[in-house]
Amino acid sequence: LRVEGRGTLTFPKVRDPSELRSDFNGKLVRYLHADGADIKEGEPFVELEAMKMIMSLRTTVAGTIHHTLAPGAIVGAGDLLATLTLADPSKVQMIKAFSGPFSLSNTGPEMSMSPQGSAADLLAMAGPSITEAISGVLCGYSAPRHLSGGGTSTVGIVQQIFSSIDEADGLSMSDALEECCKLIGTFLENERFFAGLVGGDETQTIKRFQGDPEDLLGKIMAHTNLSTAVGIITSILRSLSDGPVLEGEVAALPPCLLTQLEELSKFPGAGGYGLVKLLAAQLLTQMKKPLALRREEVHSMLIDTPRKDLPKVANAYDAERRMYFGLDLISSFFSDSDNSVRTKAAEVFILRTYRGYTISDMEIVDSKEVIDGTPGAVLHLQWSFSPPGVVGSH
């Protein structure tokens, strides 16, 4: 069975009894019945030679045999040796080719997920909810038409949910966080087992799994779509970190979400989970230090740090957050009432942005023509830099 967007699925226990096929590689020695002869159920119909041994194959139903090969032909496992016109077709289940239109059960209206669509619209779509639809993608299924038909990726829709939050529009932050808990919970349910195999036991899937085989099959199906699932979860974590958490809209995350983040932060760095692990750990660290406190710390740092030490600040590494000094807060001080703070913030921003270049000088520009040319600006800087290995400034 060829499934669009997923690959080919095989059903080894499904067979067509009217097709007599070889069970192994070998050479066809002879047919035991003439072409067009009637044979009984369980009767040998052909002899094959393999490894200098002659072995016969038997039919599973009665019928009229029709040869498809000639004696001496080399055959492989699964090759068609003969066909049967079944004596009683009603006794066996036949595989027949399907033709004609195939109507899906979900007949809801097509909806295009344009960037202008509100978050409430996304969560109130006809058919399955947005969370159920994305959960299906996390479980290895392709996105339904009402998600992918408008040309917007599932990851993009996750981002839209956060960017379109509006209490008056019918979607609160608590609603969005609840959806996050459901989606991350689905990811953990599917990947928790495989994450535990990383580090040497990746080939021990069946041996290590303790549960129903059908449950394992579902997890394997989800795991084959790991890259897409990771994209969805990292989109959720980034949307939280860069939006409501960074901007101070969320004072505390729900307990279920905190528990999930703790588990994700303990996932292995290998096996495709590295980015999820890093973002979860960073988000937990962000929640431990409120935005207001972080802004105060950065403001105090800009006041207390001499200009000559600003390069060290720009390249400082935060071991707790496991990241270099970021630009998430520094740009908010460009319009600070203190001119010294504004200037230092801009210098740190430039030093961090041009960290791969050599900056030879940086100065405040207060000439009349520059100020008159940009009357809305509160700060004017000019700097010279050169790419690595290039002598001279630009």
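Student: In which sense do strand 5 and strand 8 pair, and over how many bridges?
Tutor: Strand 5 and strand 8 (residues 63-67) pair in the antiparallel sense, over two bridges. Two strands count as paired if DSSP finds at least two bridges between them. Strands are DSSP runs of E with at least two residues, helices are runs of H or I with at least four, and both are numbered from the N terminus.
Student: Before we go on, what am I looking at?
Tutor: This is a predicted model, where local features need pLDDT of at least 70, side-chain atom pairs count only at pLDDT 80 or more, and totals for chains, interfaces and linings use all residues. Residues are numbered from 1 along each chain as its sequence is written, and side-chain values use heavy atoms, with hydrogens and water left out.
Student: Which residue is the bridge partner of Ile-39 in strand 8?
Tutor: Gly-63.
Student: What order do the four strands of the open sheet have?
Tutor: The order is 3-10-8-5, with antiparallel pairing. Strand 3 (19-21) and strand 5 (38-39) stand at the edges. Each has a single partner strand, so one side of each is left without a neighbour in the sheet.
Student: Switching to helices. At what angle do helix 5 and helix 9 cross?
Tutor: Roughly 35 degrees, and the axes of helix 5 (residues 173-195) and helix 9 (residues 255-265) come within 10 Å. Axes are lines fitted to C-alpha atoms, for helices over the stretch in contact, and angles run from 0 to 180 degrees between N-to-C directions.
Student: Which residues meet there?
Tutor: Among them are Leu-177, Ile-184 and Phe-187 in helix 5, and Leu-257 and Leu-264 in helix 9. Contact means heavy atoms within 4.5 Å.
Student: Now the rings. How are Phe-267 and Tyr-273 arranged?
Tutor: Their centres are 5.2 Å apart and their planes stand at 90 degrees, so the pair is edge-to-face. Rings of Phe, Tyr and Trp (its six-membered ring) pair if their centres lie within 6.5 Å; planes under 30 degrees apart count as stacked, over 60 as edge-to-face and the rest as tilted.
Student: Is Phe-267 buried or exposed?
Tutor: Buried, with a relative accessible area of 5%. Tyr-273 is buried too, at 0%. Buried means under 20% relative accessible area, exposed over 50%, partly exposed in between (1.4 Å probe, protein chains only).
Student: Which residues do ring pairs link into a cluster?
Tutor: Tyr-354, Tyr-357, Trp-383 and Phe-385.
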